[in-house]
Amino acid sequence: MAASVREKQTVALKRMLNFNAPPLKSTATEPVWKVLIYDRFGQDIISPLLSVKELRDMGITLHLLLHSDRDPIPDVPAIYFIMPTEENIDRICQDLRNQLHESYFLNFISAISRSKLEDVASAALAANAVAQVTKVYDQYLNFITLEDDMFTLCHQNKELISYHAINRADIQDTDMEAIMDTIVDSLFCFFVTLGAVPIIRCPRGNAAEMVAVKLDKKLRENLRDARNSLFTGDNMAAGQFSFQRPLFVLADRNVDMATPLHHTWTYQALIHDVLDYQLNRVVMEEGLGAEPSPAGARPKKKNRKAYDLTAADRFWQKHKGSPFPEVAESVQEELDTYRAQEDEVKRLKCIMGLEGEDEGAISMLSDNTAKLTSAMSSLPELLEKKRLIDLHTNVATAVLDHIKSRKLDVYFEYEEKLMSKLTLDKSLLDIISDPDAGTPEDKMRLFLIYYITAQQAPSECDLDQYRTALLDAGCDLSPLNYIKQWKAFTKMAATPANYGNSGVKPMGLFSRVMNSGSQLVMEGVKNLVLKQHNLPVTRILDNLMEMKSNPETDDYRYFDPKMLRGSESSIPRNKNPFQEAIVFVVGGGNYIEYQNLVDYAKVKPGKKVVYGCSELSNAAQFTKQLSQLGQK
């Protein structure tokens, strides 16, 4: 398969920023200077993919939000990248009336309706600015790519398509239709950008099925309309796939409710769980544990510092899926090699101050000049390396503080045992009532996982005991009310999810990191190593991708938008295993599942798996949604 989704979306954006012409290869010609105007949706799509420097290289001198107060910039073309919403259209009309720019290139993130287009046209007429509106494009880019193999649908207004929104008890059919249409619109954009028509599989009787039916219909209608189809001719040449089409598996969040609550142990998922990490940027408060301010003085305002974790960061790409202890060791190793290089430069400086004219010194001098030149040329590289090492030292230290103060290693190990039905060495009540172990939220998450994965629900009398302990620990019990209803409902519907035998093996305490010179003191944190196991979503994918027969997935519906008549069979026409697959979770996803799929694809040479979800929520956000559902 040629380019990843991330590359394709980036290429599409660069094309748009170059007035929808392919970007020029030669760097000699100076770019046309222009202004980029986007809304929050456009900002979220661009920011994980293009840095400010890259925008500047493309000739974007200024990027502004559509709904900010903007002054006229008369002699510059303006590129708009916005959603076709009512208020955005009104604002464009206002810009045209106020004659803000020399020419307007309007790019809509998702297709604009005929009536809204007519509104813009009449405003342009009224403002006598028809000639200035140079181009209007539908970009079909309404999704956010976060990794080469991961995307999510939206970040703004994500509560509109969240798990809570889909599973509300009082939801009206019209609301549900609207949510499904929003999701399908984004997925349609995803496949247009990918340049492929997938084969769709989904379970029966839940939100995932509704999405599948609507998406099949939308793709089918577009393919039927040969003149305007987005999947023919030029567009497809860009995405020359292998002859095989990708498999698109829709899963419903309800298949697996334990994973989104799980305490995790890999670097990226931990950052998402305990820090403020969104759209590939982690925001932290600086100067924690600083000296207390003198009495009577105002407490110092904490600086918030943002770090971007990008594809260019080699350390991040290599370790984002590693267990945390490994990351801590690697940060330390990187730091040591960096220091060695730095010392080498210092040593050379020292020698350069040589006195005396004897032969030895001069031959040494010429030798060292060469060394120093090479050291100087590698300086920018060294500085960048230093920046990344500092970044990861800070981030890893922040994560480590959480692990230590909340005993997250204990939670992780205990939950893994619950999920793989192993014997437990310590009773659940002990952890819940241990005041030092974790926050009330940690305890609630642990108990919910126990409740979700238990074969036999605990008896009422046991449940009361747990309830009392949880209340004493300061927990909010409303998530449990919802999970109780959910469990009663799914018991009728299906078998409980099986989490494979994951198991964790403690590796004895840390070796290198334990020496006191290390910046990350891992005292007392267990060195746990993961065994590869497949989570429910990964297992479903494996069955469908490899065409395995399994009661869990045999009933999945099969849609092929390219077949003329939508046949209602769940019998796959295609008997060969798929090489490429996209898994999409309706109702929210998380980095734990993403990492599990990445690990799965690693051991399957030649297979490519992409993970998508309607929104990315960490355990805290997910628990909050459950508690809102439980308060009804």
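So, helices H14 and H15: how do they sit relative to each other? In this predicted model, the axis of H14, residues 379-406, comes within 6 Å of the axis of H15, residues 408-419, and the two cross at roughly 75°. H14 and H15 are therefore roughly perpendicular to each other, since 65 to 115 degrees is the range for that word. If you want to find the meeting place on your screen, look for His-402, Ile-403 and Arg-406 on the H14 side. Their partners on the H15 side are Leu-408, Asp-409 and Tyr-411. Sorted by class, that contact has three nonpolar residues, one polar and two charged.

Now let's turn to another pair, H10 and H21. H10 covers residues 267-274 and H21 covers residues 591-602. Their axes come within 9 Å, and the crossing angle is roughly 175°. Anything over 145 degrees counts as roughly antiparallel, so that is the term for H10 and H21. Which residues meet here? From H10 we have Gln-268, Ala-269 and His-272, and from H21 we have Tyr-591, Ile-592, Tyr-594 and Gln-595. The class count for this contact is four nonpolar, three polar and no charged.

Met-376 belongs to helix H13, which runs over residues 359-377.

On to charges. How many salt bridges are there? The count comes to 36. Let me show you one example, between the side chains of Arg-220 and Asp-216, with 3.2 Å from N to O. Both Arg-220 and Asp-216 lie in helix H8, residues 207-224. They are four residues apart, which is about one turn of the helix.

Leaving aside residues up to four places away in sequence, Ile-73 touches Val-35, Leu-62, Leu-100, His-101 and Glu-102. Take Val-35 from that list: it is 38 residues from Ile-73 along the chain, and the two C-alpha atoms are separated by 8.8 Å.

Let me finish with two backbone details in loops. Phe-19 is not a glycine, yet its phi is positive, at about 55°. You will find Phe-19 in the loop between helix H1, residues 5-17, and strand S1, residues 34-38. And where is Leu-279? Leu-279 is in the loop between strand S10, residues 276-278, and strand S11, residues 281-285. Leu-279, also a residue other than glycine, has a positive phi near 50°.

That's the tour, and I'm happy to go back to any stop. Thanks, everyone!

Methods: Residues are numbered from 1 along each chain as its sequence is written. This is a predicted model: local features need pLDDT of at least 70, side-chain atom pairs count only at pLDDT 80 or more; totals for chains, interfaces and linings use all residues. Side-chain values use heavy atoms; hydrogens and water are left out. Axes are lines fitted to C-alpha atoms, for helices over the stretch in contact, and angles run from 0 to 180 degrees between N-to-C directions. Angles under 35 degrees count as roughly parallel, over 145 as roughly antiparallel, 65 to 115 as roughly perpendicular and the rest as oblique. Contact means heavy atoms within 4.5 Å. Ala, Val, Leu, Ile, Met, Phe, Trp, Tyr, Cys and Pro count as nonpolar, Asp, Glu, Lys and Arg as charged, and the others, Gly among them, as polar. A salt bridge is a side-chain nitrogen of Lys or Arg within 4 Å of a carboxyl oxygen of Asp or Glu.
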